[in-house]
Amino acid sequence: MEAGAGAPRPPNFPRSRRNPATIAGQKRRVTPPPPLPPAPLPPAPPERPRLRRAAFLSLCLALGLGLLLLMLRVLAPGGWTLWEGVLLAAWLGTLPWSCLCAGNALVGLALRLRHAEPAARVVPQLLRAAPPPPRAATAIVVCLRNEAMAGVLPPLARLLDGLEAAGAGHRFTLWFLSDTQEPALAAREEAAIAGFARLRAGRPVAVRYRRRARNTGFKAGNVMDFLDRHGAGHEFFLCLDADSEMSAEAVLRLVAVMEADSRLAIVQQLIVGRPARSAFTRLFQYGMRAGMRSWATGQAWWQLDQGPYWGHNALLRVAPFRAHARLEPLPDGSPILSHDQIEAVRLHAAGWKVRCLPIEAGSLEGNPPTLPDFLIRDRRWGAGNMQYWRLLRLPGLTPMGRWQLAQAILLFLSAPLWLLVLVAAVLNAATGGGAATPPGALAALLLANWAAIHAPKLAGYLELLLRPERAAAYGGRRAVLRGALAETGFTTLLDPVSLASKALFLLALPFAGRTGWQPQNRDALGVRWADAARLLRAPTALGVALMAALLAAGGTAWIWGLPFLGPLVLGIPFAVVTADPGFSRRLRRMGVACTPEEGGARRAAQSATRRRRISTSSK
């Protein structure tokens with residue numbers, strides 16, 4: 001459909017073929033009921049995207065100018081050396097990301113403090129959403145590949161139970177889309193889903209299963225193949241990963257928002273971490289959660305209808321997605337790995353809306369349980385995002401669409417630039433170039449740059465501390481402060497290791513072979529010293545070498561380098577300790593970095609224990 005056309009009409013889908021992997025007892029395909037006629041809705045107020053984007057750009061330029069002036073105060077005294085020139089050039093490359101972090105955080109914090117319902121200020125369709133049950137039929141799509149089904153099925157059962165309890169089950173169908181290739185794993189997967197389907201036989205939400213013989217195009221190809229073969233009769237589909245967990249309330253809210261605007265193609269909900277057993281995951285996602293609230297709210301304010309898509313925990317409109325988001329291989333024949341953002345960008349170009357809904361309740365995912373798993377996932381994402389270089393000049397993209405791709409590149413490109421800043425700073429100090437550096441200006445620059453990069457998390461913590469009613473779900477303001485301090489210490493050790501690992505990987509990427517998309521480790525396992533040493537030997541050696549150079553130079557340079565080089569030297573024990581089951585249990589018992597979901601489950605368990613005691617004592 002061309003941009004500017006009227007409300008989208010579903011294309012003529014090919015007739016759905018009978019799937020040989022369909023579960024026994026559910027071979028008859030149930031066609032969802034047709035959607036009811038929509039109720040008239042009031043017009044949305046004007047949002048003035050050009051004015052908002054100009055204001056946001058001005059804010060970022062002002063932040064960048066302030067940081068640049070601080071940097072010049074640090075480097076200019078005593079004249080310029082070659083290494084200071086290299087340092088400045090590399091640091092300027094990191095500046096857009098730093099300003100973007102700070103700008104989104106400030107706008108998001110202002111909106112979240114000023115308004116009781118900040119999400120409605122950036123997604124006005126929320127105000128016009130009709131109460132359930134929904135009118136349209138929705139497919140719940142769960143993408144699988146070599147997954148342990150014992151962790152996949154329980155959250156889905158809770159979601160289906162909630163939809164049926166809300167009287168909306170008849171509008172949904174659950175589809176398992178499998179790309180599992182190994183026969184034994186596929187057999188266990190199919191048996192688990194067959195048992196799940198038998199338990200739910202005769203209930204409103206039908207359960208379907210299909211498995212591809214070849215996983216062409218990875219997840220994106222799996223989803224598009226499903227839409228081509230089985231999308232008929234569904235107006236929307238909810239895309240979930242194997243580790244996704246969504247509540248019925250959240251799903252029904254997404255459907256209502258989508259139904260409130262016929263030009264809306266994707267509604268991406270904010271995603272937070274599921275309660276975790278490992279200390280690494282617990283601390284990482286506590287900070288990620290705080291940061292994403294302000295980041296997503298601020299970003300949604302100025303990106304408006306050209307927002308992001310993160311690949312899961314999102315509702316999508318079948319017709320435009322099928323028409324415009326079909327991904328061809330790259331010129332060298334390799335598939336696009338990071339499919340989600342280019343799918344959103346193509347919908348922007350076709351005149352469809354993509355909105356991010358910054359509500360965290362009821363939308364969760366799993367995160368890597370250990371530092372090695374985290375670094376491996378980052379490498380996979382980095383390889384995918386670097387493919388966007390080849391897509392930046394695609395014809396027909398909107399300016400915001402090109403910026404979305406550039407922003408995804410910057411997320412990873414900043415890592416080798418920061419590594420270059422660090423190496424240049426060390427070599428400058430080792431050759432006597434930093435003798436005239438004013439210590440006060442240097443301290444101010446380091447603190448300001450750190451605050452800019454971590455501004456989303458700082459804004460998220462500040463929101464909770466200033467709004468006690470919001471902090472209550474986290475255990476109160478004292479618990480929030482304790483979690484924030486623990487997470488900040490954790491991140492201080494994590495960031496240098498993460499940046500060095502990404503940087504070294506990206507520097508080697510042009511010389512590596514074709515990158516694939518491997519299944520993730522989702523279990524909370526410990527890390528052996530040998531495994532940590534094998535993965536982190538390069539960052540550790542880099543940290544030792546740079547620290548030795550600073551110590552050899554004499555003076556206080558090594559003290560300034562300690563916050564950056566110390567974590568590199570300690571990367572191996574950091575990986576082992578944060579995955580240690582005993583350390584993880586102690587953090588859980590102490591309630592450090594406790595999330596609302598974990599706190600709610602703990603309170604429910606304590607309440608059930610009290611009821612059992614009362615019942616026992618009354619007998």
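Student: Which residue's side chain meets that of aspartate 378 in a salt bridge, and at what N to O distance?
Tutor: In this predicted model, local features need pLDDT of at least 70 and side-chain atom pairs count only at pLDDT 80 or more, whereas totals for chains, interfaces and linings use all residues. Residues are numbered from 1 along each chain as its sequence is written, and side-chain values use heavy atoms, with hydrogens and water left out. A salt bridge is a side-chain nitrogen of Lys or Arg within 4 Å of a carboxyl oxygen of Asp or Glu, and the partner of aspartate 378 in such a pair is lysine 502, at 3.8 Å.

Student: How many residues apart in sequence are the parts that this pair ties together?
Tutor: Helices (H or I, at least four residues) and strands (E, at least two) are DSSP runs, numbered from the N terminus. Aspartate 378 lies in helix H11 (residues 371-386) and lysine 502 in helix H16 (residues 477-508), so the pair ties together parts whose separation in sequence is 124 residues.

Student: Are aspartate 378 and lysine 502 buried or exposed?
Tutor: Buried means under 20% relative accessible area, exposed over 50%, and partly exposed in between, with a 1.4 Å probe and protein chains only. On that scale, both aspartate 378 and lysine 502 are buried.

Student: Which residues are linked with Glu463 in a network of salt bridges?
Tutor: Glutamate 463 counts as buried, because its relative accessibility is 2%. Its salt bridge with arginine 470 has the closest N and O atoms 2.7 Å apart. Within the network, Glu463 is linked with Arg112, Arg289, Arg293, Glu360, Arg470 and Glu597.

Student: Why is helix H10 described as largely enclosed, and what covers its buried residues?
Tutor: Ten of the eleven residues of helix H10 (residues 339-349) are buried, so the helix is largely enclosed by the rest of the structure. Among these buried residues are Asp340, Glu343 and Arg346. Taking contact as heavy atoms within 4.5 Å, the cover includes H6, strand S6 (264-269), helix H9 (318-324), strand S9 (353-357) and helix H12 (399-430).

Student: Which residues does phenylalanine 196 touch?
Tutor: Phenylalanine 196 is among the residues with the most contacts inside the largest core. Not counting residues up to four places away in sequence, phenylalanine 196 touches Leu153, Leu156, Ala157, Leu160, Leu174, Phe176 and Val207.

Student: How far apart are the end C-alpha atoms of residues 54-76?
Tutor: The unreviewed UniProt entry annotates several spans as "transmembrane region", including residues 54-76 and 535-553; such annotations may be inferred rather than shown by experiment, and their positions are given in the numbering used here, with feature names shortened. In the model, residues 54-76 are 96% helix and 0% strand, and the end C-alpha atoms are separated by 32 Å.

Notes: Core = buried A, V, L, I, M, F, W, Y, C linked by side-chain atoms within 4.5 Å.
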